[in-house]
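Here's a quick briefing for anyone meeting this structure for the first time. Have a look at it, then read on.

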Amino acid sequence: MAFLFRRFPLPLSRDFPLSRTFLTAGSPLLGKHPTFGNPKPKIVTESELEELKSLGKLDEDKVSIFASRRQIKGSPWKLNLVAKQIRRLPVDEAIRQMQFSPKRASKTVLEVLSDAKQRGSSKVGGNSSFYVDESYAGKGTYRKMIKYHGRGRRGIMHKYYSHYFLKLREGLPPPPKTKRTPENHKSRKTKDLWLRKTPVAVPNSL
């Protein structure tokens, strides 16, 4: 623990006094640290729970559908280009996007989408709507093969495989994130840096 404290010093404050040069594993100071300590969980009362339900911040009643496809031929980088295209889209719109996509990985994503939509409609009902909550690709197995060159030489040829994961969530998709502009920045320093990088052209300045 002394080695960790030398390289990663803990922040000092009034609630976190430093009484020793180095901390040990059983030090009482670690209990007050937000990263290394174990703070007590906040207890939510029944009135607060009902208030959160009335505001719609609890999604206990919403259904989530998980689907995946393993060992897809192709690199995860190429598959992720298609996977991030349908995030936060309704299922019907995501299916239409994949039907007209010229990429080869779109066929696999379309199959997983159709299967997840069918399972969701059979579980909840045909009247409910789903949207794509999570869509990402992961690294599969990489195989190495011999690549033959001229004059008796050789190299290594890689065969890439990837995994695809999908999560559908019941309800309407969340609103798009607001674009970062100098007006919605919190600190004045960030606004100045933003304006310095993107200067505003003043018409008829001469």
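How many aromatic pairs does a search of the whole structure find? The answer is three, where rings of Phe, Tyr and Trp (its six-membered ring) pair if their centres lie within 6.5 Å. Keep in mind that this is a predicted model, in which local features need pLDDT of at least 70, side-chain atom pairs count only at pLDDT 80 or more, and totals for chains, interfaces and linings use all residues. Residues are numbered from 1 along each chain as its sequence is written, and side-chain values use heavy atoms, leaving out hydrogens and water.

**An aromatic pair**
- W77 and Y160 pair up edge-to-face, at 6.1 Å centre to centre with 85° between the planes (over 60 degrees counts as edge-to-face).
- W77 sits in helix α3 (residues 76–83) and Y160 in strand β3 (residues 154–170), so the pair ties together parts 83 residues apart in sequence; helices (H or I, at least four residues) and strands (E, at least two) are DSSP runs, numbered from the N terminus.

**Two helices meeting**
- V91, D92, A94, I95, M98 and Q99 of α4 meet S106, V109, L110, L113, S114 and K117 of α5, with contact meaning heavy atoms within 4.5 Å.

**Confidence**
- The protein chain has a mean pLDDT of 77, and 60% of its residues reach 70 or more; pLDDT is the predictor's confidence in each residue, from 0 to 100.
- Residues 1–8 have pLDDT below 50, and beyond near neighbours in sequence this stretch has 13 contacts in the model.
- Over residues 12–38 pLDDT stays under 50, and the model has 36 contacts beyond four places in sequence for them.

Note on methods:
Rings of Phe, Tyr and Trp (its six-membered ring) pair if their centres lie within 6.5 Å; planes under 30 degrees apart count as stacked, over 60 as edge-to-face and the rest as tilted.
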